[in-house]
Amino acid sequence: MEKLIYNARILTMNQRMETIEKGYIRIDKGKITEIGRMEELGEREEHCAGVAYDLEGMWVMPGFVNTHTHVPMTMLRGYADDLPLHTWLTKYIFPAEAKLVTPENVRLASRLAFLEMIKSGTTCFNDMYFFEDVIAEEAKRAGLRGVMNESVIDFPTASFRTVKEGFERVEKLIRQWEGDHSIHPSVCVHAPYTCSQKTLQEAKKLADKYSTLLQIHLAETRKEVEDITLEKGMSPAEYLYTIGLLDRNVIAAHCVWLNEKEVELLAKTGTAVGHCPKSNLKLASGIADTDTYIKAGITVGLGTDGTASNNALDMVEEMRFAALLAKVVHYNPEAVNARTALRMATIEGARALGLGDITGSLEKGKRADLLVVHAEATNMVPVYDVYSAIVYAMNSKNVRSSMVEGEWIMRDRVVLHVNKEEAVEGVNRIAAKIRMKNSDKR
Ligand SMILES: CSC[C@H]1O[C@@H](n2cnc3c(O)ncnc32)[C@H](O)[C@@H]1O
Ligand SMILES: [Zn+2]
């Protein structure tokens, strides 16, 4: 059914960063069919074949694109905090996942994640986990757009015993969702320190075969750089370049520790970065120098990482952290200004995922993935600059409604297709079992 949104201030986030003071968007079959000023609409609002929404006092902007997360890790939120990555991962998270990751738990934990994501304005996410078939089903039900990465790693996991089996699962998922508008399966390998050269190259071949994205964790910690340099005689990104892994269809999460040469390699190959500022801070991994990356021509999006290392899925927070942190890297307040930060959270994120023609900005022909923001909320007043208000003053509660593929997924803070009580109760049940098992061991 056609929808018409009118009387809103519209932030298009298009190439020219156009805003429309009082504008309208016409939506049909999931797509933006018209976008313009109210004067251009004239009396035509009466000629909407479906429903018209008067959004006086609201801003309409593209939904946030979370370029790196592990959706079902909501079940491990707060399970192991205040640890460095290596200890956190090998002593706590991998062992817990070996017992906890079942299709049923993944389903429940995904529902909780989707509630939190929708409430804080995410409309599109790039996931990396196990049982992505289940996560994809739940994302579809919630109404979200998702890039789904069944992730391959060189040890047996709950969802596959061998790397071969892992890649078979990836291919199955790709075929299963072929032609779907909002579920985008892709290929993923965990990291250069958990996957052999053979696994990494096989993944790249598969991503190229199906024209999908390839996702990997890269240069997250100083330890990773030291270990890979010792083993391969070169730093992690240089190693990936040497074996043919860096490319236009690749997104590397984190990239905290890139040297000058590696920055050039990423820029030259068109490899994108998924910057996760909060997770990098909490695990004390470091601060990625995104200002330098962007100036070098690298596409940089933002990600939350999972809730066991963040511990939230809130892109509004992530965007603010990204802007603030970039400034202290070079003691330069102009680094990553509000416009750049909002671009990273929307259109640059979409471009990093290879979805730049589909989502991330509000333009004719693109899919209608958008947010309705309450601009008159007290924490947003006064407004001298819309980008400043969104990046430095807004909080997630200011997001009132959201839409993906032209369908509302939240209206007036009510998430339409995820049952809150069920999701909360489900994850609390999982946590109770973990607590019981851990107290048995003592
Ligand atoms: C192979 S599925 C994804 C795998 O990654 C783990 N993980 C979560 N956060 C991080 C991180 O910051 N660096 C490296 N690995 C991470 C997650 O627990 C899954 O096992
Ligand atoms: Zn991660």
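## Charged side chains

In this predicted model, the chain carries 55 positive and 61 negative side chains, and the centres of the two sets are 3 Å apart. Lys and Arg count as positive and Asp and Glu as negative, while His and the chain ends are not counted. Each charge is placed at NZ of Lys, CZ of Arg, CG of Asp or CD of Glu.

## Overall form

The chain contains 16 helices and 17 strands; these are DSSP runs numbered from the N terminus, helices being H or I of at least four residues and strands E of at least two. Its radius of gyration is 21 Å, close to the 22 Å that the globule rule gives for 442 residues, so the chain is as compact as a globular protein of that length. The radius is taken over C-alpha atoms, and the rule is 2.2 Å times the number of residues to the power 0.38.

Buried residues account for 61% of the 442 residues, where buried means under 20% relative accessible area with a 1.4 Å probe, protein chains only.

## Lysine 3

Lysine 3 lies in strand 1, residues 3-11, and counts as buried because its relative accessibility is 8%. Leaving aside neighbours within four places in sequence, lysine 3 has contacts (heavy atoms within 4.5 Å) with residues including Ile25, Tyr53 and Trp408.

## Basis of the values

Residues are numbered from 1 along each chain as its sequence is written, and chains are lettered from A and ligands numbered from 1 in the order written. Local features need pLDDT of at least 70 and side-chain atom pairs pLDDT 80 or more, whereas totals for chains, interfaces and linings use all residues; side-chain values use heavy atoms, without hydrogens and water.

Terms used: Buried means under 20% relative accessible area, exposed over 50%, partly exposed in between (1.4 Å probe, protein chains only).
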